[in-house]
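Please work through the exercises below with the sequence and the structure open beside you. Try each task before reading its solution.

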Amino acid sequence: MTPFIAEILGTMLMILLGNGVVANVVLKGTKGNNSGWIVITTAWAFAVFVGVVVAGPVSGAHLNPIVTLGLALVGKFAWSQVTTYVLAQMIGAMIGAFLVWLSHKDHFAATDDEGAKLACFSTGPAIRNYSSNLISEIIGTFVLIFVIFYLAGPDVSIAVAADAKIGLGSIGALPVAILVWAIGLSLGGTTGYAINPARDLGPRIVHSLLMKGSSDWSYAWVPIVGPIIGSSLAALSYLMLI
């Protein structure tokens with residue numbers, strides 16, 4: 001296991017479970033059909049938890065180019081590793097999207113709504129207004145990155161035995177999952193809260209390769225540019241405050 005492989009696996013699992021719940025809710029004939037937004041946001045939060053549990057001990061579980069960018073901007077991550085991490089995240093997102101299609105193939109075939117099929121891969125606005133959609137992604141990403149800067153791991157200020165176990169194990173991945181859950185419930189209804197370019201672009205590319213309907217490339221810039229701006233503003237705010 002290397003950081004590169006860890007980011008691939010963590011992102012793959014996150015997308016498989018995150019986009020998988022969208023497929024379960026919107027595709028025709030699934031047992032979870034029409035189960036709603038609460039199901040989607042909850043499963044997406046748990047999907048992040050699963051990805052972080054697997055990748056965290058090796059790569060830090062960025063799973064998102066914007067997390068990598070934000071950490072680099074504030075000096076918490078080496079710029080020399082940014083490209084490697086982003087590439088791994090894109091690969092993992094594409095593999096995860098492919099597995100969603102593979103596991104729901106019959107239900108994709110049974111569904112006539114091309115928009116619903118696209119939603120199983122990438123995000124889209126509830127009301128298409130590019131300036132408002134961009135602002136929504138900026139705000140959601142700002143919250144994600146700014147709070148991540150303040151998530152603290154276990155700290156011990158006194159000497160401990162060499163074999164001491166410090167921390168909460170896998171439960172240490174829970175705070176970021178709760179954060180994503182809160183963003184989805186409170187801010188996600190406008191654009192589907194991509195807040196992650198790899199999460200949107202990678203699966204959108206897979207959709208364009210596997211599906212016949214439009215991949216809505218005219219919107220694809222929003223979940224890329226918005227998170228970049230949001231992450232940069234979060235980094236700037238954090239640096240000003242410290």
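The exercises go from the whole chain to two single residues, and they concern a predicted model.

**Exercise 1. Determine how many helices and strands the protein chain has, and decide how its radius of gyration stands against the globule rule.**

Step 1: Counting the elements of the protein chain gives ten helices and zero strands, and reading from the N terminus on, their order is α-α-α-α-α-α-α-α-α-α.

Step 2: The radius of gyration of the protein chain is 18 Å, which is close to the 18 Å given by the globule rule for 242 residues, so the chain is as compact as a globular protein of that length.

Step 3: For the outline along the principal axes, the C-alpha atoms of the protein chain fill a box of roughly 65 × 40 × 30 Å.

**Exercise 2. Describe the burial, the contacts and the surface of the protein chain.**

Step 1: Of the 242 residues in the protein chain, 46% are buried.

Step 2: Turning to charge, the protein chain has 10 positive and 10 negative charges, whose mean positions are 6 Å apart.

**Exercise 3. Locate Val39 and classify it as buried, partly exposed or exposed.**

Step 1: Val39 is found in helix α2, which covers residues 37-59.

Step 2: The relative accessible area of Val39 is 33%, and since buried means under 20% and exposed means over 50%, Val39 is classified as partly exposed.

Step 3: Leaving aside residues up to four places away in sequence, Val39 touches Val21 and Val25.

Step 4: As a check on distance, Ala173 lies 134 residues from Val39 along the chain, and the C-alpha atoms of these two residues are separated by 20 Å.

**Exercise 4. Decide whether His62 is buried or exposed, and find which side chain makes a polar contact with the side chain of His62.**

Step 1: His62 has a relative accessible area of 8%, and because buried means under 20%, His62 counts as buried.

Step 2: The side chain of His62 makes a polar contact, at 2.8 Å, with the side chain of Thr68.

How values were computed: Residues are numbered from 1 along each chain as its sequence is written. This is a predicted model: local features need pLDDT of at least 70, side-chain atom pairs count only at pLDDT 80 or more; totals for chains, interfaces and linings use all residues. Side-chain values use heavy atoms; hydrogens and water are left out. Helices (H or I, at least four residues) and strands (E, at least two) are DSSP runs, numbered from the N terminus. The radius of gyration is taken over C-alpha atoms; the globule rule is 2.2 Å times the number of residues to the power 0.38. Buried means under 20% relative accessible area, exposed over 50%, partly exposed in between (1.4 Å probe, protein chains only). Contact means heavy atoms within 4.5 Å. Accessible areas come from the Shrake-Rupley method with a 1.4 Å probe; for residues, only the protein chains shown count as cover. Lys and Arg count as positive and Asp and Glu as negative; His and the chain ends are not counted. The place of a charge is taken as NZ of Lys, CZ of Arg, CG of Asp or CD of Glu. A polar contact is a pair of N or O atoms within 3.5 Å; within protein, one must be able to donate a hydrogen and the other to accept it, and residues adjacent in sequence count only if both atoms are side-chain atoms.
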